[in-house]
Amino acid sequence: MASSALTKPQMRGLLAKRLRFHLLGAILVSLGVAASYKFGVAEKRKKAYADFYRNYDSLKDFEEMRKAGIFQSTK
């Protein structure tokens, strides 16, 4: 008696339906992670490098390292 009230489970196309749902979710999550990495890490890193090299003097840095005795081939 109680078994007639239960509905039959969907068997045909169940895998395709679940794959479509999970694929869409995976794509949205991966896009979110990529965007957060780009704006949270990569842009800050690019700005830090640009700020560093804006006022960087390589000859001054070389002279400081040479005076400190880091290089053995130059005196």
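This is a predicted model: local features need pLDDT of at least 70, side-chain atom pairs count only at pLDDT 80 or more; totals for chains, interfaces and linings use all residues.
**Charged and aromatic side chains**

K38 counts as partly exposed, because its relative accessibility is 38%.

**Around K38**
- K38 and E43 join their side chains in a salt bridge, with 2.8 Å from N to O, and E43, at 29% relative accessibility, is likewise classed as partly exposed.
- A network of salt bridges links K38 and E43 with K46.
- K38 also lies over the face of F39, at 5.1 Å from the ring centre.

**Other salt bridges**
- The count of salt bridges comes to five, including one between K47 and D51, whose closest N and O atoms are 3.0 Å apart.
- K47 and D51 both belong to helix α1, where they are four residues apart, about one turn of the helix; K47 is exposed at 54% relative accessibility, whereas D51 is partly exposed at 31%.
- In helix α2 (residues 58–68), E63 and R66 are three residues apart and so are separated by about one helical turn, and their side chains meet in a salt bridge of 2.8 Å, N to O.

**Aromatic residues**
- A search of the whole structure finds four aromatic pairs, among them the edge-to-face pair of Y53 and Y56, with 5.5 Å centre to centre and 85° between the planes.
- Y53 is placed in helix α1 (residues 14–54), and ring pairs link Y53 with F52 and Y56 into a cluster.
- Y49, F52, Y53 and Y56 form a nonpolar surface patch, together having about 470 Å² of accessible area.

How values were computed:
Residues are numbered from 1 along each chain as its sequence is written. Side-chain values use heavy atoms; hydrogens and water are left out. Patches are made of residues with over 30% relative accessible area and no salt bridge: like charges are joined within 9 Å, nonpolar side chains (Val, Leu, Ile, Met, Phe, Trp, Tyr) within 5 Å. Accessible areas come from the Shrake-Rupley method with a 1.4 Å probe; for residues, only the protein chains shown count as cover. A salt bridge is a side-chain nitrogen of Lys or Arg within 4 Å of a carboxyl oxygen of Asp or Glu. Helices (H or I, at least four residues) and strands (E, at least two) are DSSP runs, numbered from the N terminus. Rings of Phe, Tyr and Trp (its six-membered ring) pair if their centres lie within 6.5 Å; planes under 30 degrees apart count as stacked, over 60 as edge-to-face and the rest as tilted. A charge sits over a ring if NZ of Lys or CZ of Arg is within 6 Å of the ring centre and within 35 degrees of the ring normal. Buried means under 20% relative accessible area, exposed over 50%, partly exposed in between (1.4 Å probe, protein chains only).
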